[in-house]
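Subject: Handing over the structure

Hello,

I am passing on the structure we spoke about, and below it you will find my notes on what turned up. Please read them with the structure open beside you.

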Amino acid sequence: GTTTPDAFTRHLERDTALARCFHPTRLAPPDAATTLRVIASKRARLEQFHMVHISDEAIHRAIRLAEQHMRERCMPDAAIELLDEACVKAASMPSDALDASPDAHNVGTTVRADAVAAVVAQRTGRPLESLTQDERSRVASVESALSNQVVGQEEAVRRVGHRIRMFKAGLREERRP
């Protein structure tokens, strides 16, 4: 069986007799490259099931947004869930280009990156524009946006802006340089 470390501690470790029946093997979630390979292997099945085409940009956006906004879920499950929901929404949209044959595959509806962002926006309540805006332009303009809100604290604004850029660059983890 599989479970999370918290659930193992809560339900199994408390009962020592039950805990002896299991040997925990801890697995780290896969990195983005491994997640991309897993999703690529599932892509054809998702496309065939939902009768849509999934763009490469949608896959990359699903991985990025799942890492940022679905931290309670593990990869690649979180990204696959986002893609699956975006496929459902795309397949349910009426389209004149749909083929009437019963075993049609990739019939013209394409799941794009914006569809994945819309799913995340719906789940998190964040505005869609903030999820689709280019990350670099948002990070570059963070100090000017803060300066408009905070008056007379130039040094504090500069430091906060620097920390946000460091965070977005991935320099927040202790294992990274």
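Arg 26 sits in the loop that runs between helix H2 (16-20) and helix H3 (32-50), and its C-alpha atom is 9.9 Å from that of Thr 2, although the two are 24 residues apart along the chain.

Before going on, please keep in mind that this is a predicted model, in which local features need pLDDT of at least 70 and side-chain atom pairs count only at pLDDT 80 or more, while totals for chains, interfaces and linings use all residues. Residues are numbered from 1 along each chain as its sequence is written, and side-chain values use heavy atoms, with hydrogens and water left out.

As for the overall picture, the protein has 10 helices and two strands, where helices (H or I, at least four residues) and strands (E, at least two) are DSSP runs numbered from the N terminus. Read from the N terminus, the order of elements is α-α-α-β-α-α-β-α-α-α-α-α. Of the 177 residues in the protein, 28% are buried. If we take the contacts between residues at least 6 apart in sequence, 58% of them join residues at least 24 apart, contact meaning heavy atoms within 4.5 Å.

Helix H4 deserves a careful look. Two packed helices are described by the angle between their axes and the distance between the axes. The axes of H4 (residues 56-69) and H5 (residues 77-92) come within 8 Å and cross at roughly 125°; axes here are lines fitted to C-alpha atoms, for helices over the stretch in contact, and angles run from 0 to 180 degrees between N-to-C directions. That angle makes H4 oblique to H5, because angles under 35 degrees count as roughly parallel, over 145 as roughly antiparallel, 65 to 115 as roughly perpendicular and the rest as oblique. On the H4 side, the residues that meet H5 include Ala 58, Ile 59 and Leu 65, and their partners in H5 include Ala 78 and Leu 82. The residues of this contact of H4 with H5 divide into 10 nonpolar, no polar and no charged, where Ala, Val, Leu, Ile, Met, Phe, Trp, Tyr, Cys and Pro count as nonpolar, Asp, Glu, Lys and Arg as charged, and the others, Gly among them, as polar.

H4 also packs with helix H6 (residues 113-124), at an angle of about 25° and with the axes 8 Å apart, which makes H4 roughly parallel to H6. Among the residues in this contact are Glu 57 and Arg 61 of H4, and Asp 114 and Thr 124 of H6. The residues of the contact of H4 with H6 divide into seven nonpolar, two polar and three charged.

Which loop holds Ser 55? Ser 55 lies in the loop between strand S1 (53-54) and H4, and Ser 55 is buried, with a relative accessible area of 8%. Apart from neighbours within four places in sequence, Ser 55 is in contact with Arg 43, Thr 110, Val 111, Arg 112 and Ala 113.

Finally, the cysteines: the structure holds zero disulfides, a disulfide being a pair of cysteine sulfur atoms within 2.5 Å. Cys 21 counts as exposed at 61% relative accessibility, whereas Cys 74, at 47%, is partly exposed.

Best wishes

How values were computed: Buried means under 20% relative accessible area, exposed over 50%, partly exposed in between (1.4 Å probe, protein chains only).
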